[in-house]
Amino acid sequence: DSSTSRGLGDVYKRQKQELAQHGLQVPQSAKISDRTTAAQAAQDIGFPVAVKILGLAHKTDADGLALGLKSGGEVEAALRALAPRALLVEKMISGVIAELLVGVIRDPAHGFVLTLAAGGTMTELLDDHTSLLVPAARVHVVAALDRLKIAPLLHGYRGKPPTNFEALLDVIDAVQSYVLANASTVEEVEINPLMCTAQAAIAADALIRKAQ
């Protein structure tokens, strides 16, 4: 119902804001409760935009995601095919070189474990991941990133530009900072995908799970 939709949207936006307070960069977005306003919201943000249905774990598998929308008409057409739930209109990130997953989970035996992996739709397909204990120093994070199969993309593959590695490390530091500041309550943090460009590293999707 509409109250549930508003609740999901508020949680989603609050989670991103909590991470942003620790240095995470997030794209401009607008939470939409009345779908008739989505096209105008997209116009205000600036095209191209993505439309995301909130509260779905795997958006691409559940009619929950439309990307690269370039006009109000495209937004309205996309909405007709998406699940009838709360949604977010978000600025598309251009010039993406690589997508990463950055996650931290509380482990009963080891404390907090940081996982770095190929992100987006490649997460399950490539099974490309590595883990470290939190807090992890930058030198160890760099070494972990270089162990990934997609590491060549991060450094500039076959003449392509490299990602902004400092911005990527800033994001990983921000996630660790958030976890350590909320160690008594947080169970899991996941950014997937983290969009890595030559200029920035921007969290397209973020999830925080806290102890009940």
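**Notebook: strands, helices and a pocket**

I began with the hairpin that joins β5 to β6 through 3 residues. The model is predicted, so I note that local features need pLDDT of at least 70, that side-chain atom pairs count only at pLDDT 80 or more, and that totals for chains, interfaces and linings use all residues. Residues are numbered from 1 along each chain as its sequence is written, and side-chain values use heavy atoms, with hydrogens and water left out.

I recorded the terms next. Helices (H or I, at least four residues) and strands (E, at least two) are DSSP runs numbered from the N terminus. Two strands count as paired if DSSP finds at least two bridges between them.

**Entry on β5**

I looked up the partners of β5. Strand β6 (residues 111-118) is antiparallel to β5 and joined to it by 8 bridges; in this pairing Arg106 stands opposite Phe112. Strand β5 (residues 98-107) also pairs with β8 (residues 186-196), in the antiparallel sense, over 7 bridges. There I found Glu188 of β8 as the bridge partner of Ile105.

**Entry on the second largest pocket**

I then examined the second largest pocket. A pocket is an open set of points on a 1 Å grid over the protein atoms alone, where a 1.4 Å probe fits, with protein on both sides within 12 Å along at least five of seven lines; lining residues have an atom within 4 Å of a point. Its space is about 190 Å³, the volume being that filled by probe spheres set on the points, which are joined across faces, edges and corners.

Of its 13 lining residues, Leu101, Gly103, Thr115, Glu188 and Glu190 are the closest to the centre. The elements giving two or more residues to this lining are β5, β6 and β8, and β5 supplies the largest share, 4 residues.

**Entry on the open sheet**

I turned to an open sheet of 4 strands, ordered β1-β4-β2-β3 with antiparallel pairing. Its edge strands, β1 (29-32) and β3 (65-69), each pair on one side only. The twist averages 15° from one strand to the next; axes are lines fitted to C-alpha atoms, for helices over the stretch in contact, and angles run from 0 to 180 degrees between N-to-C directions.

Within this sheet I noted 5 bridges between the antiparallel strands β2 (residues 49-53) and β4 (residues 87-91). Val51 stands opposite Val89 of β4.

Two helices pack on the sheet, contact meaning heavy atoms within 4.5 Å. Helix α2 (residues 38-45) touches β1, β2 and β4, and its direction makes about 170° with that of β1. Helix α3 (residues 72-79) touches β2, β3 and β4, and its direction makes about 165° with that of β3.
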